[in-house]
Number of protein chains: 2
Amino acid sequence: MEYSPLLMQLIEALRALPGVGPKTAQRMAFQLLERGREKGLHLAAVLQHAMQSIQHCKQCRTFSENEYCKLCQSPLRDSSLLCIVESPADIVAMEQMGHYHGIYFVLMGHLSPLDGIGPEHLGIDQLTSLISKQTIKEVILATNPTVEGEVTAHYLSERIKPYAIKVTRIAHGVPIGSELEYIDSGTLAHAFLGRDEIV
Amino acid sequence: MEYSPLLMQLIEALRALPGVGPKTAQRMAFQLLERGREKGLHLAAVLQHAMQSIQHCKQCRTFSENEYCKLCQSPLRDSSLLCIVESPADIVAMEQMGHYHGIYFVLMGHLSPLDGIGPEHLGIDQLTSLISKQTIKEVILATNPTVEGEVTAHYLSERIKPYAIKVTRIAHGVPIGSELEYIDSGTLAHAFLGRDEIV
């Protein structure tokens with residue numbers, strides 16, 4: 001005994017979503033059918049439209065349904081500063097911070113040889129052509145402070161060196177509001193060795 | 001700063017799925033865009049088709065894109081036995097068990113006055129007309145052994161009484177393979193009071 005063919009198809013198709021196993025997919029299908037048909041239809045329409053229309057911004061590679069994203073089109077951004085991040089979500093975090101007004105480049109991942117993700121997947125050619133064309137004075141490496149992020153940052157700094165542009169990395173240290181007791185020793189070592197003089 | 005309008009719409013629409021918050025919706029949208037466009041388009045198509053075509057079986061109320069579901073159409077099922085369950089998933093569990101060959105009725109929920117779910121939402125009228133029409137000899141109440149399931153079973157038994165049909169409830173007791181030490185006392189009390197003589 002199984003569900004009706006179409007219901008089986010729906011449950012199977014929902015499993016394309018990350019983190020959704022058979023039981024969750026079943027619960028989603030039942031809930032949409034029982035209490036959310038209109039929302040389900042809306043999701044279907046938006047999903048189709050998004051899959052067909054959202055591309056990567058031709059300059060910064062973030063997701064955008066236009067050729068160039070809003071930030072790359074903006075005349076208010078300082079195009080002498082380039083911040084390299086791993087994901088579009090990182091742009092949101094940087095913008096919420098409010099201290100940065102330059103342009104971005106999104107790698108859409110990080111170097112991960114084990115997963116077969118090399119420089120060719122991170123748009124490095126596009127990045128170097130952007131750096132060589134634009135009048136960039138500083139490149140800020142804002143990849144995640146993880147092993148992969150650090151490796152990627154190191155790789156990028158090596159690739160950018162020939163262009164004789166200032167390359168910086170976001171600072172590592174103790175997060176604001178945290179307690180030393182609970183900070184891992186790697187972070188604490190960074191914070192200790194990179195200590196600033198109080199003037 | 002926000003994502004592009006269409007990406008925002010997609011993230012918002014994905015939140016229609018149960019258990020999906022803003023961060024999960026974002027991760028789903030990114031993953032579909034990065035690595036699953038075809039799966040995303042497939043999901044959109046199946047979702048639209050399912051939302052429009054899947055209805056309730058006219059006899060047992062389970063989900064079906066046909067007027068009557070496969071089980072209700074089957075001539076092999078014993079229509080003198082009626083098993084009442086809460087959800088289509090319970091039919092699957094019963095069928096996997098393999099000891100039941102009668103027909104089903106799916107409540108699509110249980111009585112829950114706090115959530116505003118009364119008898120009118122559980123298709124009780126459809127159930128009583130099914131019972132009065134068919135030559136049913138036994139009704140098996142297989143609602144969940146939860147407070148709501150028990151209340152619903154009690155309510156159903158009262159409603160079926162006037163038809164002078166045998167009404168049974170699935171047995172409560174210790175599950176096979178469990179250890180007494182870890183069984184809750186309510187279940188253990190049921191198992192103790194309902195003990196069977198070994199013959």
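Entry 1, the β-α-β unit. I looked up the crossover in chain B of this predicted model and found that strand 3, helix 5 and strand 4 of chain B make a right-handed β-α-β unit. Right-handed here means that, with the strands pointing away from the viewer, the path from the first strand over the helix to the second runs clockwise. Helices (H or I, at least four residues) and strands (E, at least two) are DSSP runs, numbered from the N terminus.

Conventions. Residues are numbered from 1 along each chain as its sequence is written, and chains are lettered from A in the order in which they are written. Local features need pLDDT of at least 70, side-chain atom pairs count only at pLDDT 80 or more, totals for chains, interfaces and linings use all residues, and side-chain values use heavy atoms, without hydrogens and water.

Entry 2, strand pairing (at least two DSSP bridges between two strands). I noted that strand 3 (residues 78-85) of chain B pairs in the parallel sense with strand 4 (residues 102-106) of chain B over five bridges. Strand 3 of chain B also runs parallel to strand 5 (residues 138-141) of chain B, joined by four bridges. Ile84(B) stands opposite Phe105(B) in strand 4 of chain B and opposite Leu141(B) in strand 5 of chain B.

I recorded 52 residues from chain B and 52 residues from chain A in contact (heavy atoms within 4.5 Å). I found zero salt bridges between chain B and chain A (a side-chain nitrogen of Lys or Arg within 4 Å of a carboxyl oxygen of Asp or Glu). The largest share of the side of chain B that touches chain A, 15 residues, comes from helix 3 of chain B.
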